[in-house]
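These are my notebook entries on a single protein chain. I set down each point as I looked it up.

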Amino acid sequence: MKFSLCIPMYNEADIIASTARTLSAYMAEHFSDYELLFIDDGSTDGTAALVEKLALPRVRVLRYQPNRGKGHAVRTGMLAATGDIAMFIDADLAYGTGVILQAKEQLEGHPEADVLIGSRVLHPEGYSGYTFLRRVASKAYIRVLCLVGGFRLSDSQCGCKAYRGKAIRDIFSRCQTDGFAFDFETILWAQKLGYGITEMPVKIINHRASKVNVLTDTFRMLHELSGMKKRINAAQQ
């Protein structure tokens, strides 16, 4: 079974070489058949070149200009993936490397599921290291968006998700959202197409300043989510 790991990146020159080496070593140790896809989302700091310079085995670098957003980067990588399972994680390895093998094993142990979503809420230490205000704001933000979206999932915005087989192309070939709201779109399509979804407890290990502004991004995402629901509900399968 081949495993594809996608890493979207935008101006990550300060960390990307370390991330690439860490992931290359991890994948070689735990997987016999795999590929690493680094998707450069229009970086202006030479991020892609730093990965290419390492010349690591089984690594592909995909790049485009200009910057389009994380959703576009993830979609580009997932549609280029050739694995039986394709997963995306953040370049800062926020959830560590152990979640990669954990995701593979959980999907293998749940044959009814085609989509796996990481959840900080389900892990007893999922929000360890967060300040009190950031923890409350993050949970409230996710809860509001999930209620509006009609999701029963505990953590739709976790940057750690994996997809199996046919679901990869079925879902991502239909997605259009380039920004952070792309997570909702993949879930809506998975539900529309009848794919099973399972959740996996994850814990933040490497903390980094959030790029999400809870107040302004919530209103923006609510607007995008409303448009997504209408478009997807009206679409033919």
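In which hand of crossing does α1 pass α2? I noted first that I was working with a predicted model. I then found that α1 passes α2 in a right-handed crossing.

**Entry: α1 and α2**

I looked up the geometry of this pair next. Helix α2 covers residues 47–54, and α1 packs with α2 at an angle of about 40°, their axes being 9 Å apart. Sorted by class, the contact of α1 with α2 has six nonpolar residues, one polar and one charged.

**Entry: α1 and α4**

I stayed with α1, which spans residues 16–30, and turned to helix α4, residues 98–109. The axes of α1 and α4 come within 10 Å and cross at roughly 35°. I recorded the crossing of α1 and α4 as right-handed. On the α1 side, the contact is made by Leu 23, Tyr 26, Met 27 and His 30; on the α4 side, it is made by Gly 98, Ile 100 and Leu 101. I counted the classes in the contact of α1 with α4 as five nonpolar, two polar and no charged.

**Entry: α3 and α6**

I went on to helix α3, residues 70–80, and helix α6, residues 165–172. This pair packs at an angle of about 140°, with the axes 9 Å apart. The angle makes α3 oblique to α6. I noted that α3 passes α6 in a left-handed crossing. The residues in contact are Val 74, Arg 75, Met 78 and Leu 79 of α3, together with Ile 168, Arg 169 and Phe 172 of α6. Five residues of the contact of α3 with α6 are nonpolar, none is polar and two are charged.

**Entry: Lys 70**

Which residues does Lys 70 touch, leaving out those up to four places away in sequence? I first placed Lys 70 in helix α3. I then found that Lys 70 touches Pro 8, Asp 41, Asp 90, Gly 159, Asp 178, Phe 180 and Phe 182.

**Entry: the cavity**

How many cavities of 30 Å³ or more does the structure hold? I found one. The largest cavity has a volume of about 30 Å³. I wrote down its lining as Ile 89, Asp 90, Leu 93, Ala 94, Tyr 95, Gly 96, Val 99 and Gly 159. By class, the lining of the largest cavity comprises five nonpolar residues, two polar and one charged. I noticed that Asp 90 and Gly 159 belong to this lining, and that Asp 90 and Gly 159 are also touched by Lys 70.

**Entry: two backbone details**

A cis peptide bond joins Gln 65 and Pro 66, with omega about -5°. Pro 66 is in the loop between β3 (59–64) and α3. Asn 11 has a positive phi of about 50°, although Asn 11 is not a glycine. I located Asn 11 in the loop between β1 (3–9) and α1.

Methods: Residues are numbered from 1 along each chain as its sequence is written. This is a predicted model: local features need pLDDT of at least 70, side-chain atom pairs count only at pLDDT 80 or more; totals for chains, interfaces and linings use all residues. Side-chain values use heavy atoms; hydrogens and water are left out. Axes are lines fitted to C-alpha atoms, for helices over the stretch in contact, and angles run from 0 to 180 degrees between N-to-C directions. Helices (H or I, at least four residues) and strands (E, at least two) are DSSP runs, numbered from the N terminus. Angles under 35 degrees count as roughly parallel, over 145 as roughly antiparallel, 65 to 115 as roughly perpendicular and the rest as oblique. A crossing is left-handed if the near helix is turned anticlockwise from the far one by less than a right angle, and right-handed if clockwise. Contact means heavy atoms within 4.5 Å. Ala, Val, Leu, Ile, Met, Phe, Trp, Tyr, Cys and Pro count as nonpolar, Asp, Glu, Lys and Arg as charged, and the others, Gly among them, as polar. On a 1 Å grid over the protein atoms alone, a cavity is a set of points where a 1.4 Å probe fits but cannot get out, and a pocket is an open set with protein on both sides within 12 Å along at least five of seven lines; lining residues have an atom within 4 Å of a point. Grid points are joined across faces, edges and corners, and a volume is the space filled by probe spheres set on the points.
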